[in-house]
Amino acid sequence: MATAFHEQQSVGLVLSLVGGGLDGYTYIHYGTFASAQTGNLVLAIIQGADGDWLNVGKKLLSTLAFLVGIMVAKYLINYFADSKLYFWRLYILYFEALVFFLLSLSVFNHFQVLVTTAIAFTAAIQWVSFDKIEGIPYTNLFTTGNLKNLTINFYDAISTKSPDAYSRFIHYVLVVLTFISGVIIAVGAFHLVGVRAIRLIAVITLLLALTQTYKLWRFQRLNGHMLK
């Protein structure tokens, strides 16, 4: 395991799948985005112009929760930077799976503000805590930046014949495709099982956490130490 677990390609791609699923689920169910705050702000301005202040407030609360999640993630990164608690990001994956499962329950799912703010908060922590794949920056919650980098590296690969640019181009292609796949899966699941579709996202996140826990345990057992 030469790469830290949170920068492994498999982890980043699964989280991109989750990110796409979250936005697809919250928009089709509630008409708001879990993490694409640009979209939420645009919708809030449009709804404000129409006098729909209730929905404006809901979207602004989602944005506020997203900002708080970013600050919490930064605090965790700084707090654990010099600690001996390795792989603290695993706890984030388990936390996400728990939150998504709880939000699938009818006792919580009827409250739009609760669901969208909780998802925005959790998604922001994921975004900041998992921001690279094998050292290459990426975004697992939305895809505009990934599309920009995909196009830039495609141009560089063609114009300079650079193997590194080609490698980064493939990197961003995979991220964008998995994000889109997450949206498709979430929308399809919503049409099949309704609000319970978020349980699928919870299961995917839990399976990621469990597989990474096993890999890290096995690595420690075979090598006698753990990587940060």
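Which residues touch the most other members of the largest nonpolar core? In this predicted model, local features need pLDDT of at least 70 and side-chain atom pairs count only at pLDDT 80 or more, whereas totals for chains, interfaces and linings use all residues. Residues are numbered from 1 along each chain as its sequence is written, and side-chain values use heavy atoms, with hydrogens and water left out.

The protein chain contains nine helices and two strands, where helices (H or I, at least four residues) and strands (E, at least two) are DSSP runs numbered from the N terminus. Starting at the N terminus, their order is α-α-α-α-α-α-β-β-α-α-α. The radius of gyration, taken over C-alpha atoms, is 18 Å, close to the 17 Å that the globule rule (2.2 Å times the number of residues to the power 0.38) gives for 228 residues, so the chain is as compact as a globular protein of that length.

A nonpolar core is a set of buried Ala, Val, Leu, Ile, Met, Phe, Trp, Tyr and Cys residues joined through side-chain atoms within 4.5 Å; buried means under 20% relative accessible area, with a 1.4 Å probe and protein chains only. In the largest core, of 25 residues, those that touch the most other members are F5, V11, L15, L90, L93, F130 and Y138. Two or more residues each come from α1 (9-30), α3 (53-80), α4 (89-103), α6 (112-129), α8 (163-193) and α9 (197-223). The most, four residues, come from α8. A second, separate core has 24 residues, among them Y25, A34, L103 and I201.

Overall, 45% of the 228 residues count as buried.

How values were computed. Buried < 20%, exposed > 50% of the residue type's maximum accessible area, 1.4 Å probe, protein only.
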